[in-house]
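Here is a short report on one protein chain. Take a look at the structure before reading on.

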Amino acid sequence: MLLKRSPLPKIRFSYWVKPWQQVDWLLFSLPVALSVFGGIMIRSTELNQGLADWWWHWLIAGIGFAIALIIALIRYENFIQWHWVTYTLTNISLIGVMFAGTSAKGAQRWIEVAGFRIQPSEFAKVGLIITLAALLHKRTASTLPSVFRALAITAVPWGLVFLQPDLATSLVFAAIVLGMLYWANANPGWLILMISPIVAAILFSSTWPFPIKLSNDLVFGPLGLLWSIAMGIVGWQTLPWRRFGMSGFGAWGLNMLGGELGIFLWNHVLKPYQKARLTSFLDPNRDILGAGYHQHQSRIAIGAGEWIGWGLNKGPMTQLNFVPEQHTDFIFSAVGEEFGFIGCLVVLFVFCVICLRLLHIAQTAKDNFGSLLAVGVLSMIVFQMIVNIGMTVGLAPVAGIPLPWMSYGRSAMLTNFFALGLVESVANYRQRRQKY
């Protein structure tokens, strides 16, 4: 008697996607769409130059997407036990740049590996997010010792990046730590006091409306003094050392010191091109053919797009290469010229949806570690988006910060997708699934 062979079971499509069944596919698809659109815009900026950066942009985006899919399968909790290893490797890579890095445009930020330039400071953003999430998961930022511990951990990679010098990336580090501390229940007044010395440094550098001279080397305006007094009141209200007014006095003194330090940094630390960027932002018409040229041309290109733009590959400012670095830092100006105000709004809407999905995952994560990972990535994306778009329209100084998933940059693209994979892992394991 012949045995009847049973038919082979059909393998359905759901079987293959089941490992990713909890991920946020909208959050996955929107960065991919931005990457594709970014490649199209990069090709438009290089149409008359014979370059192929757009092809590399798509290739690296594809590799980054594959990495993000793999990371989404890994339980994000595993990164807790490896956070010190991650932190150590992050700092070693940044130190390696100082000894074996290559220089370009006045900064030493890259390492040559097999003919490719890698920028460790980009990957350091994710390393910092993982480290801070692990630390604040164990001990929230509701106490000053926990806040100081987080700041001390951040200070090492931040200092190494600042010395490259890479002021733009060091500002991204600051945005990440502030966002994560806020989410970890830090007092908002403490966060204001953290950034207050920077504001004081800016205000002390201005002598408007009249100068106050304490010595030949220390001349400042009354705005800096008023700001220091206001921060003293904030410190007195929020810091725990209120006896004898020590908290208020300490906050006031910190801002006075910050103002004096700002004057020192301006005179002895900042590079000439960094000073030129700041002064051209404050007075856009001061050096249109020099430091203010990039931003001036970008504003013209965006304004020329009007409502619906000139059309793909038809923008005169873009096609005639009037906007320098348009395929990297100023890619948004190409969008504005060729797709107009409507195109800019669509791009902004996509970024807003991405940020809302990141916030939703942070709110629905099953533990503090996952929530903090999502907030760290959210802080990184939001800050880079605001500064990049702000500098193309003249609302922020030129800082060399790329637009996530749209600007050309291999290390930045891989970093953004790696960070996306971490958040998708948080989403994928929000609920424990049964084995199958």
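**The whole chain**

This is a predicted model. The chain has 16 helices and five strands. Of its 436 residues, 47% are buried. Take the contacts between residues at least 6 apart in sequence: 71% of them join residues at least 24 apart.

**Helix α7**

Helix α7 runs over residues 167-183 and has 17 residues. From its first C-alpha to its last, α7 reaches 25 Å. That is close to the 24 Å expected at 1.5 Å a residue. What happens to phi just after α7? There, N185 takes a positive phi of about 75°.

**The second largest pocket**

Rolling a probe the size of a water molecule over the atoms shows where empty space is left. In the second largest pocket, that space comes to about 250 Å³. The lining is made of 13 residues. Nearest the pocket's centre lie T86, T90, F123, A124 and G127. Which helix gives the most to this lining? The answer is α5, with six residues. Helices α4 (83-100), α5 (120-138) and α16 (410-428) each supply at least two lining residues. By type, the lining divides into eight nonpolar and five polar residues, with no charged ones.

**A serine in α16**

S425 sits in helix α16. Is S425 buried or exposed? S425 counts as buried because its relative accessibility is 0%, and the cut-off for buried is under 20%. Leaving out residues up to four places away in sequence, S425 touches I71, A72, I74, R75 and Y76.

**The cysteines**

A disulfide is a covalent bond between the sulfur atoms of two cysteines. How many disulfides does the structure hold? It holds zero. Take C352 as a case. Its closest cysteine sulfur is in C355, 6.5 Å away, so the two are too far apart for a bond.

| Residue | Relative accessibility | Class |
|---|---|---|
| C344 | 8% | buried |
| C352 | 43% | partly exposed |
| S425 | 0% | buried |

Notes: Residues numbered from 1 in each chain as written. Predicted model: local features only at pLDDT ≥ 70, side-chain atom pairs only at ≥ 80, totals over all residues. Heavy atoms only, no water. Helix = DSSP H or I, 4+ residues; strand = E, 2+ residues; numbered from the N terminus. Expected span 1.5 Å × (residues − 1). 1 Å grid on protein atoms, 1.4 Å probe; cavity = no way out; pocket = protein on both sides within 12 Å on 5 of 7 lines; lining within 4 Å. Points joined across faces, edges and corners; volume = space filled by probe spheres on them. Nonpolar A, V, L, I, M, F, W, Y, C, P; charged D, E, K, R; others polar. Disulfide = S-S within 2.5 Å. Buried < 20%, exposed > 50% of the residue type's maximum accessible area, 1.4 Å probe, protein only. Contact = heavy atoms within 4.5 Å.
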